[in-house]
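The following note sets out points for a colleague who is reading this structure. Each numbered point takes up one topic.

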There are 2 protein chains.
Amino acid sequence: MTSPLRLGIAGLGTVGTGVVKIIQTHSEMLAVRSGRDITISAVSARSKTRDRGVDLSGYAWEDDPVQLAQRDDVDIFVELMGGEDGPAKAATEAAIAAGKDVITANKAMLAVHGQALAEAAEDMGRALRFEAAVAGGIPVIKALTEGLAGNEITRVLGVMNGTCNYILTRMQDAGLDYQTVFGEAEALGYLEADPTLDVGGIDAGHKLALLASIAFGTKVNFAAMELEGIEKISIEDIEQAADMGYRIKLLGVAQMTGRGLESRMSPCLVPASSPLGQLENATNMVVLQGDAVGQIVLRGAGAGEGPTASAVMSDVMDLARGTRIATFGRPAKDLIDARAAQSAAAAPFYLRLGLTDKPGALAKVAAVLGDAGISIDRMRQYGHSEPSAPVLIVTHKATRSALDEAITAMDGTGVLTAAPVAIRIEEV
Amino acid sequence: MTSPLRLGIAGLGTVGTGVVKIIQTHSEMLAVRSGRDITISAVSARSKTRDRGVDLSGYAWEDDPVQLAQRDDVDIFVELMGGEDGPAKAATEAAIAAGKDVITANKAMLAVHGQALAEAAEDMGRALRFEAAVAGGIPVIKALTEGLAGNEITRVLGVMNGTCNYILTRMQDAGLDYQTVFGEAEALGYLEADPTLDVGGIDAGHKLALLASIAFGTKVNFAAMELEGIEKISIEDIEQAADMGYRIKLLGVAQMTGRGLESRMSPCLVPASSPLGQLENATNMVVLQGDAVGQIVLRGAGAGEGPTASAVMSDVMDLARGTRIATFGRPAKDLIDARAAQSAAAAPFYLRLGLTDKPGALAKVAAVLGDAGISIDRMRQYGHSEPSAPVLIVTHKATRSALDEAITAMDGTGVLTAAPVAIRIEEV
């Protein structure tokens with residue numbers, strides 16, 4: 001057996017505590033599997049005195065994560081503090097400069113600074129790994145980077161924010177509106193300190209941007225993603241979609257096209273009977289499509305102490321076993337700039353309109369759609385008591401730009417009583 | 001860039017041809033991702049003249065795979081011939097003895113000789129890898145060995161034989177009996193030369209035995225598996241199970257208990273609405289349960305040129321990148337003997353009985369179950385025209401041994417018109 005692998009862990013929240021527990025509980029198992037003892041030299045967190053339910057007395061304490069990152073008795077710096085900049089980035093940079101390997105669960109930091117950090121690590125001959133940053137316990141970074149390494153990846157998609165999926169499934173199951181369920185989620189502590197990270201699709205977008213980099217060999221380009229959160233999803237849309245055989249999910253899709261990289265994180269309708277449609281509560285699902293393998297679907301817990309700590313440990317064990325793979329599956333300096341392409345791929349759309357209750361209103365809307373080259377697959381007009389008549393349309397495949405033009409033209413007809421709701425349908 | 005990684009491929013059937021195609025089509029991509037050129041030095045197969053739709057003119061030809069395995073210009077011997085013994089085993093042993101790494105898709109060989117081969121490879125400091133041997137394109141060996149390396153694995157289960165799943169779903173969809181669909185599958189070329197390997201559960205059992213080894217750190221022990229094929233599954237059972245909300249699947253389950261390793265591959269009922277219940281045709285699904293990660297579900301094509309070649313390439317790329325992990329996730333010499341334990345875990349059972357159409361028959365059966373401590377969850381008696389009354393029972397949790405006792409006792413009552421059918425229900 002070779003020398004122990006010594007960790008320095010910065011951040012002792014849920015995930016950090018989970019990692020400590022695994023290392024304490026399973027030390028023998030980890031050593032047998034990796035051929036090395038896995039030890040913790042030092043830890044760092046905001047509060048030294050808080051009771052975390054684990055014994056930290058055997059580890060040195062550092063108030064400053066940068067100091068922790070530079071310690072001589074640390075081989076791997078494990079960054080579990082979070083935050084795009086600030087101490088997480090400073091300590092990660094310090095660790096790399098000091099010649100340490102780094103493991104992080106910090107998707108925000110990587111989505112913004114991942115390129116620079118990966119280049120720095122690779123210049124130093126060190127590893128920067130982030131299995132825990134995407135889809136919690138699902139080993140999706142490994143599946144994509146290594147398991148599908150012989151494939152040209154054609155498409156990556158998935159539901160990667162458990163909180164959003166919880167809110168959407170809870171709305172559906174209980175028939176509650178968005179604000180009510182948002183309040184519930186907040187009370188349960190399910191939301192980030194800045195809830196926009198979750199419900200605005202930013203957290204899930206960060207994850208998709210990282211997957212896209214690996215999949216397509218492109219520099220992380222979060223800024224180029226089309227991003228739309230779930231804040232505007234109404235209980236009406238959830239119920240009407242269900243009535244037409246769909247579920248609404250915050251779905252990320254990334255694919256390389258002749259025009260560049262299409263990537264979007266937005267609410268979509270998926271068939272209720274599909275694996276994505278049946279995904280409930282905080283579970284995550286990622287679908288990887290490759291030219292040889294076809295479609296691989298991975299499902300598991302997207303967050304939580306155990307699952308996320310399991311992902312961190314996957315990286316720890318890889319490094320303990322001597323595995324060395326470039327952060328994004330190829331040298332960071334070889335990643336190409338991703339030309340961002342607006343989603344031009346045609347898709348069916350769900351369209352909910354409120355029409356004035358006058359003869360000819362529906363005909364006008366149908367004419368506008370026809371003029372824009374958009375044909376109607378299914379349409380339903382619901383009984384109503386208000387002066388506004390709710391109309392649901394599922395279109396045949398159309399481009400988003402054609403649909404946007406049609407919606408603008410509808411506005412000009414004077415028959416709309418409210419802004420139309422248009423949601424893409426993904427027949428995964 | 002370091003020196004090229006040179007393959008020798010023995011076996012140019014579907015999978016071997018698929019590997020050649022990937023290496024020819026994606027040479028640049030593979031080199032960028034792994035940092036090395038991946039080349040083929042030599043190939044071997046039964047027929048040199050057969051047209052496989054790929055250009056083999058750039059590779060040396062060896063009639064004898066053992067010769068191929070020993071060539072100086074081969075770094076990795078890729079064994080895709082199949083067969084438990086014979087040339088596959090001889091060539092694999094020769095490759096290891098010659099200091100080559102070995103990649104194989106041969107579950108039969110590994111299920112029987114895996115322990116000896118892994119020990120031999122590890123003694124030589126070489127790798128023996130087999131991602132393609134289990135569940136086709138799904139990177140399940142990697143997920144289990146590496147992705148969940150920080151977990152104590154509690155249970156591994158799955159549907160791992162696409163042919164059986166095709167037969168069962170086809171029976172259900174078309175309402176056809178087993179013999180008819182078996183004939184169809186044979187005509188379509190879906191079955192192994194010896195169909196018992198598929199429909200007898202042996203192929204799937206081999207795969208489960210390999211997963212169990214990694215999961216529990218035990219020597220491969222295929223002989224200890226409880227094995228039951230799908231040959232006796234009748235269309236009646238499929239239809240009655242469906243009527244009660246279930247699907248019948250050839251399901252493998254392995255778990256470590258206080259009494260030893262429980263592993264069985266047998267037809268089971270699973271809820272129709274569960275991910276396993278919805279698995280159609282030749283698709284595979286593996287569920288991994290770990291103490292930290294909870295439940296991870298992996299789904300994908302279990303066979304076919306592209307998916308299986310993708311799995312072979314995963315191993316090739318790992319070796320190209322310098323990854324070195326023990327065959328079963330820990331040194332083969334550290335694997336422990338698995339004490340085989342008969343499945344003692346209680347489960348609900350589906351029971352189909354044919355009763356004489358006389359007063360009191362049902363009461364007698366119910367009394368026998370009650371005496372055996374087995375309580376009835378649901379029961380249905382169907383209308384009938386024959387002298388035999390079909391009765392379906394879903395029991396509450398019971399052990400297999402208690403159920404077997406009850407069935408024996410039923411036999412003694414004289415009210416049965418046929419041997420009862422009992423199938424375990426897994427509420428995954």
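**Notes on the predicted two-chain model**

1. Strand S10 (residues 260–271) of chain A and strand S16 (residues 421–425) of chain A run parallel and are joined by 2 bridges. Within this region, Leu269(A) is placed opposite Ile425(A) of S16(A).

2. Tyr350(A) has Ile423(A) in S16(A) as its bridge partner.

3. The mean pLDDT of chain A is 94, and 99% of the residues score at least 70. For the complex, the predictor gives an ipTM of 0.95 and a pTM of 0.95.

4. Chain A contains an open sheet of 6 strands with parallel pairing, in the order S3-S2-S1-S4-S5-S6. Its edge strands are strand S3 (60–61) and strand S6 (128–129) of chain A, each of which pairs on one side only. Inside that order, strand S1 (residues 5–10) and strand S4 (residues 76–79) of chain A are parallel and share 4 bridges. Ile9(A) faces Val78(A) of S4(A) as its opposite residue.

5. In chain B, an open sheet of 6 strands likewise has the order S3-S2-S1-S4-S5-S6, with parallel pairing. The edges are strand S3 (60–61) and strand S6 (128–129) of chain B, and each pairs on one side only. Strand S2 (residues 38–44) of chain B is joined to S3(B) by 2 bridges in the parallel sense; Ala42(B) has Ala60(B) in S3(B) as its bridge partner.

6. H12(B) lies across strand S1 (5–10), S2, strand S4 (76–79), strand S5 (101–104) and S6 of chain B. Relative to S5(B), H12(B) runs at about 160°.

7. The axes of helix H13 (residues 361–371) and helix H14 (residues 400–411) of chain B come within 9 Å and cross at roughly 145°. The crossing of H13(B) with H14(B) is right-handed. On the side of H13(B), the contact is made by Val365(B), Val368(B) and Leu369(B), which meet Ala406(B), Ala409(B) and Met410(B) of H14(B). By class, the residues of this contact comprise 6 nonpolar, no polar and no charged.

8. Which elements supply the side of chain A that touches chain B? In the contact between the chains, 47 residues of chain A are in contact with 47 residues of chain B. Helix H2 (27–34), helix H6 (140–147), strand S12 (294–301) and helix H12 (305–320) of chain A each supply at least two residues to that side. H12(A) provides the largest share, with 9 residues. The side of chain A that touches chain B has 22 nonpolar, 15 polar and 10 charged residues.

9. Strand pairing also links the two chains. S12(A) pairs with strand S12 (residues 294–301) of chain B in the antiparallel sense, over 3 bridges. Arg299(A) is set opposite Val297(B) in S12(B).

Key
Residues numbered from 1 in each chain as written. Chains lettered and ligands numbered in written order. Predicted model: local features only at pLDDT ≥ 70, side-chain atom pairs only at ≥ 80, totals over all residues. Axes fitted to C-alpha atoms, helices over the stretch in contact; angles between N-to-C directions. Left-handed = near helix turned anticlockwise from the far one by under 90°. Contact = placed C-beta atoms within 7 Å. Nonpolar A, V, L, I, M, F, W, Y, C, P; charged D, E, K, R; others polar. Pairing = 2+ DSSP bridges. pLDDT = per-residue confidence, 0-100.
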